[in-house]
Amino acid sequence: MSIDHARTSIVSTTDEEEPVPRTRRSTLYLLQDVSPAIDDLHEALNLKYEEEQGFKVQEVGIGDVPGLLYTGVIGKDRTPDWTETVYQLTGVRSEITNWTAAGVLLVPVDDAVFALTYGMGHLLLDFSHVVPGFGFGFVLRTLKPDAIRQVTHSMMDARGRTDRNSAAQDQHIRAFAIEEYGEVVSRLAGKLGETTLTLSKGRKQSVQIAGTDALKIHLATSPNELLADLVEINRINKEESPAPEFDAIARVRPLKRDDPRRAELDRCLDELLGDPSLGSIALAAPMTCLDEADSAASYWVKVGPRRESIQDLELDHVLGKMRNMGEGERLVALTKGHIQLCRDEAGNEPASPKIPAHKWLAAEVSLRTSRFFYHEGRWYEVGDRHLESIREQVRQILTAPAGISLIDWIVDFKDEKTYNEKAAEAGGFVCMDRQLIETEQHPRGFESCDLFGKGNELIHVKRAESTAPLNHLFAQGRVSADALRLDREARQELLERVRELDPSHPVKDDFMPKKVIYAISLKSGKPLTVENLFTFAQVSLLQAVSALSNAGIKVAVVNVPTVSTRT
């Protein structure tokens, strides 16, 4: 949701002081594929509101620059859907309606077209014309690295997880929990550095800005000063470079629009949409509507000819609409389709723009020797140096001795439980598979490990054919170790289970987790090597190793070969 509260700066001055120019907190977008000609600016607008709700489009002047103003009220005279529930519960009928004002001002400047939105004005834009990452690119070039207040980052894996870290006071970018590997930072907020923008004039303290696709920034309220601000913002994004302290963040950036590899990557993604087993793909809420995602009561999903209202959105709701589509049609359908959040279950109260459906997907695709990550409709390359650094660290982990021996995985084993029982019997381990540890802090229970080693190792076993199970395996190891490290009740429960299953086990009362071992068998039958381990899984492994190592816990990985018969 656009945050456009009026914050007009009116500061009294003395004879010696220069007056502080007036500014207003604004939400700014940069548009693409839109001619600055006044007649062509209409293409960037969602004109549905003009047709259905009487919104007004006006040609205006900003100084001597012609622009376009689009304004109106959304939902006028519409009763909120929750009033019916209140009536059923209390017998009281509330005669109230929702009125939401919205406005957008399109301003051509040099070779660029900017959009300033007010209220719910972002709903009035056709988001296919919004330049992805414009605001983020600007803040990388202008924020003070030691005055960061908020960082939003997404895991580069098929879980589609997004984290937002905030600080009450200015922090250096290094103070935030950003993984060196496998994360895409999509939003930064903090204090603006030195610029010639209007908001920097006459002020002794820096002001805060934030950037994603949009830029949240104070802009001048007088025509000529506003135009000067937009010219300077355009120049900074074109000519300036990100601060060195943001190098790790800028390392994984999207491919340019004219990159020749994009067409082939799109073909690979189209195949993956038709057959998800070919790779890794997940559903992830775009940054544009992250604030609204938690409170959404329903979604409108349109992929293909039909639009459907869904209350609990799952990946299959999107992929299922493409099962009968042919090659080359699926990604096109996603791009033309959309997903929209709504505040009510009936879908009458929009909470977000109609965001193209392809921006809701996270996926990984291999192209020759490179790996690419699809996130919010953009392709990111995991650069060769970056990828080699990941692989080298994973290679060291995979080749390091684990200190234990496990039996091979026989293809006719029924399931992991069968393997764990056989491995425990052969190696003198305690089989803890499906032995949930339930405590006050973990009332639903957690699995401490699959096998408990003679040296108190926590051994987690997984038979995997895709990235998702390995992501779960690595996360399970972290959750278990943290619970046993921090929860005395969990440690006591583990001791009782181990001693009940193997009274001769030498585990002591002062047990603390010191070593986690991941035992992995690839269903393909291939050995567990860097070349055969999915990139998503490699990133997840590094993240688990980093977290566990920081807690003083050693980590090892064991390859469990697949064999056809008993040896």
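Start by selecting Asp-213 and everything it touches: leaving aside neighbours within four places in sequence, Asp-213 is in contact (heavy atoms within 4.5 Å) with Leu-28, Tyr-29, Val-130, Val-131, Pro-132, Gly-133, Phe-134, Gly-135, Thr-288 and Arg-378. You're looking at a predicted model, where local features need pLDDT of at least 70, side-chain atom pairs count only at pLDDT 80 or more, and totals for chains, interfaces and linings use all residues. Residues are numbered from 1 along each chain as its sequence is written, and side-chain values use heavy atoms, leaving out hydrogens and water.

Strands here are DSSP E runs of at least two residues, and helices are H or I runs of at least four, numbered from the N terminus. Asp-213 is buried, at 7% relative accessible area; buried means under 20%, with a 1.4 Å probe and protein chains only.

Next, select Phe-452, in strand S23 (residues 451-452). Its relative accessible area is 0%, so Phe-452 is buried too. Its contacts beyond four places in sequence include Phe-429, Leu-494, His-505 and Phe-511.

Zoom out to the open sheet of 5 strands, ordered S20-S23-S24-S25-S26 with mixed pairing; strands pair if DSSP finds at least two bridges between them. S20 (430-431) and S26 (554-559) are the edge strands, each pairing on one side only. S20 and S23 run antiparallel, joined by 2 bridges.

Definitions and conventions. Buried < 20%, exposed > 50% of the residue type's maximum accessible area, 1.4 Å probe, protein only.
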